[in-house]
Amino acid sequence: MSQSVSASAESHRTSLADYRAALTAPGSRGAVIASLLARLPIAMIGISALLYVQRETGSFASAGLVSAGSLVGVSVGAVVQGRLIDRFGPTRPLLTTTLLFALAMTGLVFAIEAHAPTLVLVPLAFGTGITEPMVGSASRALWTRLLPAGPTRNAAFSYEAISMEVFFILGPGFAGLLIAAPWAGTGLVTGALTMIAGAVLFALSPTVRAWGPAPSSGGKLLGALASPGMRTLALAALGFGAVIGFVEVAVPAAATEAGNTSIGGLLLSAWSVSSVAFGVAYSLRPWPRQMGLRLPVLLAGFGALVALLALPGSLWGLALAMLAAGALITPQSTTHSAAIEIAAPKGTAAEAFGWVLTAVTLGLAFGQSISGYLVEHAGHEAAFLAAGAVGFALAAVVWLLRGTFRPQPSGAVAEAPELVGAAR
């Protein structure tokens, strides 16, 4: 590993003062608040859809396939929207996709209520995923325009990852509570309306509207993935998403087997609690220092801790085990954002974040679909063990490819001080 990679990884350390400086940067307030509103229901929508379909069909396998269809749609939409955002700025792409998302979600809800077959629900779910407004990618990329490279920008990336974990604490909990409402679709509709409102406010905020197009140095077809390091990062993100996908089906299944379906969402919130707490501490002194080693080490550790979820014999024991496993969620999310700074070609910031999101969601789709089958035919314990095996296998591949992870000659992003001036 080159000295430049090591030095760059070392610079990813942050302090609490850096968080304050990032969140009080000129022009950040309106976009940050709108982004929070848009991203809050991300986990809530996915879990609400899974529980809603399971309630109507009586099958976790069908629910897992529908959820996977939505995630595959997100994986496609993230890259397409990322390229459009880099080319035109965020406002027009986000407003367009938000309108399409509202129409697609309406169609899905009506189809679920009509007890349409799974073969109909899956493509409708794909439509909601591909049109889901990618506020998260735009929000992460916006920091590269508001802040110079260094600890403050890294703190902003850590904030993005930590805030997402807060949403993963609240989202599944809300979903688990709202599934007990008189109408099982309450959580899905509530989450969709919240996302729509936040996306519109974010797209129309002055700072975001001042974001112009950026010249791209990525390949015409592969874009950000023209960088070998980005492909290695995408593989690590794929493994991260796959492990989570297995758990997101296996945990509600464990709660259902124990006769307490509504607590499944709350159990999923448990590992986000430790994720937030440990994520802040980890950002102050990340380890390993070399990014090429950090990616496989964190993924392998995550897989090992998730495999241990197969051991507890009670829901209380499962909750405690999930607190331990969750400690490595935010460190991986933060590492993915910091890795883009090293590996992504200039002018591809939004698309690079889109590729990471695509890899994570494809992993989620794979994990959820396989987990749904395993919990019905072999029990939830088998799903946890499979999650650990997948995490270990992909971590080994990422370790073998660690030499591909080196800085791009042109840097990851272009500075845009004129955007800060326009937002003052």
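How many aromatic pairs does the rule give? The count comes to seven, where rings of Phe, Tyr and Trp (its six-membered ring) pair if their centres lie within 6.5 Å, and planes under 30 degrees apart count as stacked, over 60 as edge-to-face and the rest as tilted. Helices (H or I, at least four residues) are DSSP runs, numbered from the N terminus. Both tryptophan 271 and phenylalanine 302 are buried, meaning under 20% relative accessible area, with exposed over 50% and partly exposed in between (1.4 Å probe, protein chains only). Phe240, Trp271 and Phe302 form one aromatic cluster.

The model is predicted, so local features need pLDDT of at least 70 and side-chain atom pairs count only at pLDDT 80 or more, while totals for chains, interfaces and linings use all residues. Residues are numbered from 1 along each chain as its sequence is written, and side-chain values use heavy atoms, with hydrogens and water left out.

Turning to charged residues, a search of the whole structure finds two salt bridges, each a side-chain nitrogen of Lys or Arg within 4 Å of a carboxyl oxygen of Asp or Glu. Arginine 39 and glutamate 160 meet in one of them (3.3 Å, N to O). Because arginine 39 lies in helix H3 (residues 29–39) and glutamate 160 in helix H9 (residues 151–178), the pair ties together parts that are 121 residues apart in sequence. Arginine 39 is buried, at a relative accessible area of 1%, and glutamate 160 is buried, also at 1%. Arginine 83 forms a salt bridge with glutamate 351, with the closest N and O atoms 3.0 Å apart. Here arginine 83 belongs to helix H5 (residues 60–88) and glutamate 351 to helix H17 (residues 349–377), 268 residues apart. Arginine 83 is partly exposed, with a relative accessible area of 28%, whereas glutamate 351 is buried at 5%.

Threonine 330, in helix H16 (residues 329–343), is buried, with a relative accessible area of 0%. Leaving aside residues up to four places away in sequence, threonine 330 touches Ala161, Ile162, Glu165, Ser275, Val276 and Gly279, contact being heavy atoms within 4.5 Å.

Conventions. Helices (H or I, at least four residues) and strands (E, at least two) are DSSP runs, numbered from the N terminus.
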